[in-house]
Amino acid sequence: IITTIKFQKLFKMTLVWLLANLPVAWWFLYASQQGAAYQPQLAGSPFLERIPRALNIIGIHLNRTVWPYPLSFSYPFNAKWALNLDFLIGFIFVALTIFCFIKWRRSLATLGLLLFLIYLLPVVQIYPEMANALLFDRYLAIPLIGLFIVLIDVMKKLKAYWKTSPFIYFGMFVVVAFALGRATASYIPKFKSNIHMSEYMFKLYPTWSTTPFNFAFSLIEDNQLERAELLLKSNMSLEHPNWVKPYFYGKIKQKKGHINEAYELFYKAAVMTRKGGYFPFADSHLAEIMIQRKDYKSAQKLLNGLLYTEIKNPVVFFKAKQLLKVVEAEISKTAIEDKKP
């Protein structure tokens, strides 16, 4: 694209770009595994319907890049495309990128537009139910590099056509830095802990299935059991899978020390997740109770099965591996004691 740059410099730029993409490639792999359950639904979605929806999602990303408020780790978009501002922004951006590529192939701004767009193209292949929470907002920082390349090139062109004092640019920098600093300071309290973050997300998007789930989880982990029970009664609706309530009530009982009741609830949730094809969140808790009961063989079998599930969850997997180390140590200890005369 940029023929005016020497090959060596172009090679270095490409190498840096590829290194920056390693975490993106890893996240693509992880997200595709997480979204395996949605593939049959995606297969039934006509390709021509996905194209205009992709323009909607690209438009939303551009909005969030330029004006990321309210700040969150996810943001909503429609399952089907709609002729709205997001669609128009997405359409204009794609059309502008194609035009710039045809007209100014050697321009850094064109390269920046392409780098931004290339990461948003997979929206055509992603089913909307798993898209934003699992994929898009996590790697949005990478195409920002493309956006900054565009801004740098535009500023160079402005400087060439508009001779002015460098203090003007310094003043612009101060204004932008102040605005971003003020915004950052206002959001620090909202993201200072898991419970503050999950509560903030729940207030932003109370109708999502994930936000009350995450809020209830963080409340229980923080031992705010009464608030968690109230949330389960008021916000865990029929939209949530049937295993959710037994799982959370099991966690509450476990926190209170009611192990037998917790075991029954976790067992019920484990059966439901298996029948429904969901990730077995309850299995690690069942294993914990089995360890307390010194039923190490059953715990080992359950944890090994959890580690080989198709859908991956890093937090649960880490916990399962830690529990498995404890179990294996206890089994080895028991075996040594049995061999003693």
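The axes of helix α11 (residues 210-221) and helix α13 (residues 244-256) come within 10 Å of each other and cross at roughly 10°. Helices here are DSSP runs of H or I with at least four residues, numbered from the N terminus, and axes are lines fitted to C-alpha atoms over the stretch in contact, with angles from 0 to 180 degrees between N-to-C directions. Helix α11 is therefore roughly parallel to α13, a term for angles under 35 degrees. On the α11 side, the contact is made by Phe 213, Ala 216, Phe 217, Ile 220 and Glu 221; α13 contributes Val 244, Tyr 247, Phe 248, Lys 251, Ile 252 and Lys 255. Contact means heavy atoms within 4.5 Å.

This is a predicted model, in which local features need pLDDT of at least 70 and side-chain atom pairs count only at pLDDT 80 or more, while totals for chains, interfaces and linings use all residues. Residues are numbered from 1 along each chain as its sequence is written, and side-chain values use heavy atoms, leaving out hydrogens and water.

### Individual residues

The table lists relative accessible areas; buried means under 20%, exposed over 50% and partly exposed in between, with a 1.4 Å probe and protein chains only.

| Residue | Relative accessible area | Class |
|---|---|---|
| Ala 269 | 1% | buried |
| Phe 215 | 5% | buried |
| Asp 86 | 19% | buried |
| Ile 92 | 55% | exposed |

Phe 215 belongs to helix α11. Leaving aside neighbours within four places in sequence, Phe 215 is in contact with Ile 195, Ser 198, Glu 199, Phe 202, Arg 227 and Leu 231. Glu 199 lies 16 residues from Phe 215 along the chain, and their C-alpha atoms are separated by 5.7 Å.

Ala 269 is part of helix α14 (residues 259-276). With neighbours within four places in sequence set aside, its contacts are Trp 243, Pro 246, Tyr 247 and Ala 282. Between Ala 269 and Trp 243 there are 4.6 Å from C-alpha to C-alpha, and the two are 26 residues apart in sequence.

Not counting residues up to four places away in sequence, Asp 86 touches Leu 55, Asn 56, Gly 59, Ile 60 and Asn 63.

Ile 92 forms a nonpolar surface patch with Trp 81, Leu 83, Leu 88 and Phe 91, and together they have about 560 Å² of accessible area. Such a patch joins nonpolar side chains (Val, Leu, Ile, Met, Phe, Trp, Tyr) within 5 Å, from residues with over 30% relative accessible area and no salt bridge; like charges are joined within 9 Å. A salt bridge is a side-chain nitrogen of Lys or Arg within 4 Å of a carboxyl oxygen of Asp or Glu. Accessible areas come from the Shrake-Rupley method with a 1.4 Å probe, and for residues only the protein chains shown count as cover.

Definitions and conventions
Helices (H or I, at least four residues) and strands (E, at least two) are DSSP runs, numbered from the N terminus. Angles under 35 degrees count as roughly parallel, over 145 as roughly antiparallel, 65 to 115 as roughly perpendicular and the rest as oblique.
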